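Subject: Handing over the structure and notes on its fold

Dear colleague,

I am passing on the structure that I have been going through, together with my notes. Please look at it first and then read the description below.

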Amino acid sequence: ERNGSVVCDECAANSLSDAGSTNISKCICGRGYSRQEDEAPSEECRSRSGLTVVTFTASLQTTMEAFEDLRAQYLTGVAAALLVLPKAVEIISISQAGSAVGNRRLLQESIGVVTKVQIPTETVGPVLQKLTKENLELKLLEIGLALFDVTNIQSSVITSSEGPPLALVLGLAIGLTVLVLCIIGCCVEAWRRGAFE
């Protein structure tokens with residue numbers, strides 16, 4: 001839209017900005033909606049109640065040190081296998097895995113990569129169908145990672161919460177308290193030195 005001589009960009013769906021704002025970076029998600037941290041302000045805000053987190057553990061034949069060099073490719077490979085955006089895939093933890101067959105341990109070193117995929121709830125069915133050992137193995141072999149197994153598959157809907165998270169509110173309150181105390185301290189010190197005479 002054009003506002004006098006200034007071009008105004010409209011905010012994406014479910015987001016808004018202050019009146020008179022002319023920069024799309026000022027668009028924020030409306031109550032009950034959000035974007036992922038790395039998404040641009042021009043991207044649509046989605047309902048917080050419409051997101052689901054799928055977690056699983058991928059057992060890989062590699063060492064923790066070798067995996068660090070392949071971390072980004074792993075995320076991209078998982079995203080490609082599940083047909084989701086790479087930014088929807090996140091590693092929660094990596095641990096040394098101890099695989100045993102009968103009374104003997106496997107000779108290969110392996111790790112367990114707990115992985116989280118955050119997706120719109122309506123896509124959970126198709127994603128879970130693609131979350132198989134065979135499907136992931138095809139994509140991960142392309143980057144040189146051998147997959148032993150996929151286990152601990154779980155999904156949970158992210159529920160909407162009204163207002164900002166409690167941690168954010170507490171953090172802001174503590175920050176403001178510290179700021180006020182610093183200002184008072186500076187004023188008292190300035191008064192003691194005679195700056196207000």
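This is a predicted model: local features need pLDDT of at least 70, side-chain atom pairs count only at pLDDT 80 or more; totals for chains, interfaces and linings use all residues.

Residues are numbered from 1 along each chain as its sequence is written, and side-chain values use heavy atoms, with hydrogens and water left out.

The secondary structure of the chain comes to five helices and twelve strands, where helices (H or I, at least four residues) and strands (E, at least two) are DSSP runs numbered from the N terminus. Of its 197 residues, 27% count as buried; buried here stands for under 20% relative accessible area, exposed for over 50%, and partly exposed for what lies in between, with a 1.4 Å probe and protein chains only. Among contacts in the chain with a separation of 6 or more, 62% are between residues 24 or more positions apart, a contact being heavy atoms within 4.5 Å.

Turning to the sheet, four strands form an open sheet in the order β8-β11-β7-β12, with antiparallel pairing; two strands are taken to pair if DSSP finds at least two bridges between them. Its edge strands are β8 (89–97) and β12 (146–158), each of which pairs on one side only, and the twist averages 20 degrees from one strand to the next. For this and the other angles, axes are lines fitted to C-alpha atoms (for helices over the stretch in contact), and angles run from 0 to 180 degrees between N-to-C directions.

Strand β11 (residues 110–120) pairs with β7 in the antiparallel sense over ten bridges, and with β8, again antiparallel, over eight bridges. Within these pairings, Gln118 of β11 is the bridge partner of Val53, Ile111 of β11 stands opposite Leu60, and Gly112 of β11 stands opposite Ser95. Eight of the eleven residues of β11 are buried, so this strand is largely enclosed by the rest of the structure. Beyond its neighbours within four places in sequence, Thr115 is in contact with Val54, Thr55, Phe56, Tyr74, Val89, Glu90 and Ile92; the C-alpha atoms of Thr115 and Val89 are 7.1 Å apart, although 26 residues separate the two in sequence.

How do the helices α2 and α4 sit relative to each other? The axes of α2 (residues 71–82) and α4 (residues 133–141) come within 9 Å and cross at roughly 135 degrees. That makes α2 oblique to α4, given that angles under 35 degrees count as roughly parallel, over 145 as roughly antiparallel, 65 to 115 as roughly perpendicular and the rest as oblique. At their contact, Tyr74, Gly77, Val78, Ala80 and Ala81 of α2 meet Asn135, Leu136, Lys139 and Leu140 of α4. These contact residues divide into six nonpolar, two polar and one charged, with Ala, Val, Leu, Ile, Met, Phe, Trp, Tyr, Cys and Pro counted as nonpolar, Asp, Glu, Lys and Arg as charged, and the others, Gly among them, as polar. As for the sheet, α4 lies across β7 and β12 and runs at about 115 degrees to β12.

Some single residues remain. Thr62, in the loop between β7 (51–61) and α1 (64–68), counts as buried at 12% relative accessibility, and, leaving aside its neighbours within four places in sequence, it is in contact with Phe67, Glu109, Ser110, Ile111 and Leu145. Leu128, which belongs to helix α3 (residues 124–130), is partly exposed, with a relative accessible area of 32%.

Most residues other than glycine have a negative phi. Leu83, in the loop between α2 and β8, has a positive phi near 60 degrees and is exposed, with a relative accessible area of 65%. Asn152, in strand β12, likewise has a positive phi, near 55 degrees, and is exposed at 52%.

With best regards
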